[in-house]
Amino acid sequence: MTDENRALLARINAYAETVLGDIDPQKVQVSVQLEKLKPVLEETAKEKGISLEDMFILYMDLQSEASCATNKKLQENLRDLNDGFDGGSPLLFR
């Protein structure tokens, strides 16, 4: 992920924290969540000179990339913990 994309993702996520901070994403429809993010997505799309749809796709791609990186790091950390485990039940990750 480029520094520019990392900054973009951080900006959108910071905005999301202010407008979505109190909701449970598992219980609130995605369409409602996206509607709340629309102002920042429109603003960043305009700045980048791309359509709102392209901005949404970019945001989702960046969010997926960040999620995968976080997941990979967690797996590596758990692997390190398990490597030092002497007997007993290791920590599992699914």
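I began with the largest pocket, which has a volume of about 310 Å³. This is a predicted model, so I kept its limits in mind: local features need pLDDT of at least 70, side-chain atom pairs count only at pLDDT 80 or more, and totals for chains, interfaces and linings use all residues. Residues are numbered from 1 along each chain as its sequence is written, and side-chain values use heavy atoms, with hydrogens and water left out.

**Entry: the pocket**

I noted how a pocket is found: on a 1 Å grid over the protein atoms alone, it is an open set of points where a 1.4 Å probe fits, with protein on both sides within 12 Å along at least five of seven lines, and lining residues have an atom within 4 Å of a point. For the volume, grid points are joined across faces, edges and corners, and the space filled by probe spheres set on them is taken.

Which residues lie nearest the centre of the largest pocket? I found Leu 20, Pro 25, Gln 33, Leu 37 and Tyr 59 there, out of 14 lining residues. Helices α1 (3-20), α2 and α3 (52-83) each supply at least two residues of the lining. I sorted the lining into nine nonpolar, four polar and one charged. Here Ala, Val, Leu, Ile, Met, Phe, Trp, Tyr, Cys and Pro count as nonpolar, Asp, Glu, Lys and Arg as charged, and the others, Gly among them, as polar.

**Entry: the overall layout**

I counted three helices and zero strands, in the pattern α-α-α along the sequence. Helices (H or I, at least four residues) and strands (E, at least two) are DSSP runs, numbered from the N terminus. Of the 94 residues, 18% count as buried; buried means under 20% relative accessible area, exposed over 50%, partly exposed in between (1.4 Å probe, protein chains only). Among contacts (heavy atoms within 4.5 Å) between residues at least 6 apart in sequence, 46% join residues at least 24 apart.

**Entry: helix α2**

Where does α2 kink? I located a kink of about 50° at Leu 37 in α2 (residues 30-48), shortly before Pro 39. The bend is the angle between axes fitted to the seven residues ending at a residue and the seven starting there. Buried in α2 are Gln 33, Leu 37, Val 40, Leu 41, Thr 44 and Ala 45. A reminder to myself: an α-helix has 3.6 residues a turn, so residues three or four places apart point the same way.

Lys 38 also lies in α2, and counts as partly exposed at 31% relative accessibility. Its C-alpha atom is separated by 8.9 Å from that of Phe 56, 18 residues apart along the chain. Just after α2, I saw that Gly 49 takes a positive phi of about 70°.

I then looked up Leu 8 in α1, which is buried with a relative accessible area of 8%. Leaving aside neighbours within four places in sequence, Leu 8 is in contact with Thr 44, Lys 48, Met 55, Leu 58 and Leu 62. Leu 8 and Tyr 59 are 51 residues apart in sequence and 8.3 Å apart, C-alpha to C-alpha.

Is Asn 5 buried or exposed? Asn 5, in α1, is buried, with a relative accessible area of 18%. With neighbours within four places in sequence left aside, Asn 5 is in contact with Leu 58 and Leu 62.
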